[in-house]
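Biologist: I have the file open and want to go through it with you. Can we take the strands, then the core, then the helices?

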Amino acid sequence: MNMKEIMIIIDGNIVTKDILICEKDYSRNNYKVKYKKNSYYSYNYSSSRIQVLTKPLLLNLDDISIFYGNEKITDIEVVYDFVNVSGNHFYHIEFKNKAYEDFKGEELKILIDKSQNVFNYMKEVAEVTSLETDDGKKLLSEFLNRVNLNSLSLSLANYLKMSNNNNSGNTLNYLIFPFGCNSSQYKAVERAINNKISVIEGPPGTGKTQTILNIIANILIRGGNCQVVSNNNTAIANIDEKLKKYDLDFFEALLGKKGNKESFIECQKVNIPSFDEYENMDLESLRNEVNCVADITKKIYESNELISKLRHEKEELNLEYKYFMNYVKNNNLNLVDVNIND
């Protein structure tokens, strides 16, 4: 059975590699099938149970990436795309090591991936132009070669828009704001938690540190961990200062340069805050209370946003009315009252 030319689906399952012979009996409108494991017997399948697909399309691998789940399938030699009468796709993938695998269309994500070509070009340029250390290492080239674009769960893959699905799969519906927030900060935290990648911008003094602290808190209550990085020490110091202010620095580790790492290891806190008072707490009731407060908070900020929008629309209408009345006055026009109920 040449799998490059034919794909056989029986009862919704791809069975091509198990089939020795598949022949159609036009007089009975069914198929006679012999399996490789038991070639002495033949089985009859009605046309409603079997699909025999032919004339596949050979996919161009230059500008696409193929993912199974969130992980990229690598070392692909060729991909054959079979389509049934309903428009459903089935793929036969052959690998460079001569192995092969068949997939239903819904099992794969096939993405147009121009970013991969750009990134490969950057790596090639870095290999040629990168500055070398005294021992001959090309730092930029070395760092770029470490970058992994083979998983859609990675932030960089989403930043390069290799996937249109930006939802993070958040397991909790509610948000907490132990460091306080305003309407714009609420929205920033909400988007950061519910999306795989989010960009928050703002001038100094707009509460970015406060927003970061609230994002950290929401990551922690979801059982996650996080890394906070910056191109200067000031931003990190601000976060560290706030955590120390609230005696919450016991779960942070200031890393980065070698001295910070050594200091963290050598200066481990012996006395971690006691949580004995929370041992007998009814966590389910607390969770319900937090959820209720979070829902109220969300409604308040949504209402504030609507009020702000309506206030802006009112100002625009008042300005338009002012210009209209000036136009009427300057052109000696008479206004006529119209009763819309008549």
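Biologist: How many bridges join β10 to β11, and do they run parallel or antiparallel?

Modeller: Seven bridges join β10 to β11, and the two run antiparallel. Strands here are DSSP runs of E of at least two residues, helices are runs of H or I of at least four residues, and both are numbered from the N terminus. Two strands pair if DSSP finds at least two bridges between them. This is a predicted model, in which local features need pLDDT of at least 70 and side-chain atom pairs count only at pLDDT 80 or more, while totals for chains, interfaces and linings use all residues. Residues are numbered from 1 along each chain as its sequence is written, and side-chain values use heavy atoms, with hydrogens and water left out.

Biologist: What sits between β10 and β11?

Modeller: Five residues, as the two strands form a hairpin. G87 in that turn has a positive phi of about 85°.

Biologist: And on to β12, how many bridges there?

Modeller: Five bridges join β11 to β12, residues 100-104, again in an antiparallel run. That hairpin has four residues between the strands, and K98 takes a positive phi near 75°.

Biologist: Which residues does E94 stand opposite?

Modeller: V78 stands opposite E94 of β11, and E94 also stands opposite Y100 in β12.

Biologist: Is β11 buried or exposed?

Modeller: Six of its seven residues are buried, so β11 is largely enclosed by the rest of the structure. Buried means under 20% relative accessible area, exposed over 50%, and partly exposed in between, with a 1.4 Å probe and protein chains only.

Biologist: Which residues make up the largest nonpolar core?

Modeller: There are 11: L59, I64, I66, I73, I76, V79, Y91, I93, F95, F103 and L108. β8 (64-68), β10 (76-83) and β11 (89-95) each give two or more residues to this core, with the largest share, three residues, coming from β11. A nonpolar core is a set of buried Ala, Val, Leu, Ile, Met, Phe, Trp, Tyr and Cys residues joined through side-chain atoms within 4.5 Å.

Biologist: What does I76 touch?

Modeller: I76 touches L61, I66, I93, E94, F95 and K96, leaving aside residues up to four places away in sequence. Contact means heavy atoms within 4.5 Å.

Biologist: Different topic. What is the strand order in the open sheet of three?

Modeller: The order is β3-β4-β5, with antiparallel pairing. β3 (19-25) and β5 (43-46) stand at the edges with a single partner strand each, so one side of each has no neighbour in the sheet. β4, residues 30-35, pairs with β5 over four bridges, and N30 has S46 in β5 as its bridge partner.

Biologist: Now the helices. Which residues of α4 are buried?

Modeller: Q185, Y186, A188, V189 and I193. Seen down the axis of α4, they fall within an arc of 165°, so they line one face of the helix. The arc is that of the directions from the helix axis to the C-beta atoms.

Biologist: What do they pack against?

Modeller: The buried residues of α4 pack against α5 and α8 (283-330).

Biologist: Where is N214, and is it buried or exposed?

Modeller: N214 is found in α5, residues 208-221. At 1% relative accessibility, N214 counts as buried. Its contacts beyond four places in sequence are I176, F177, P178, F179, G180, C181 and V189.
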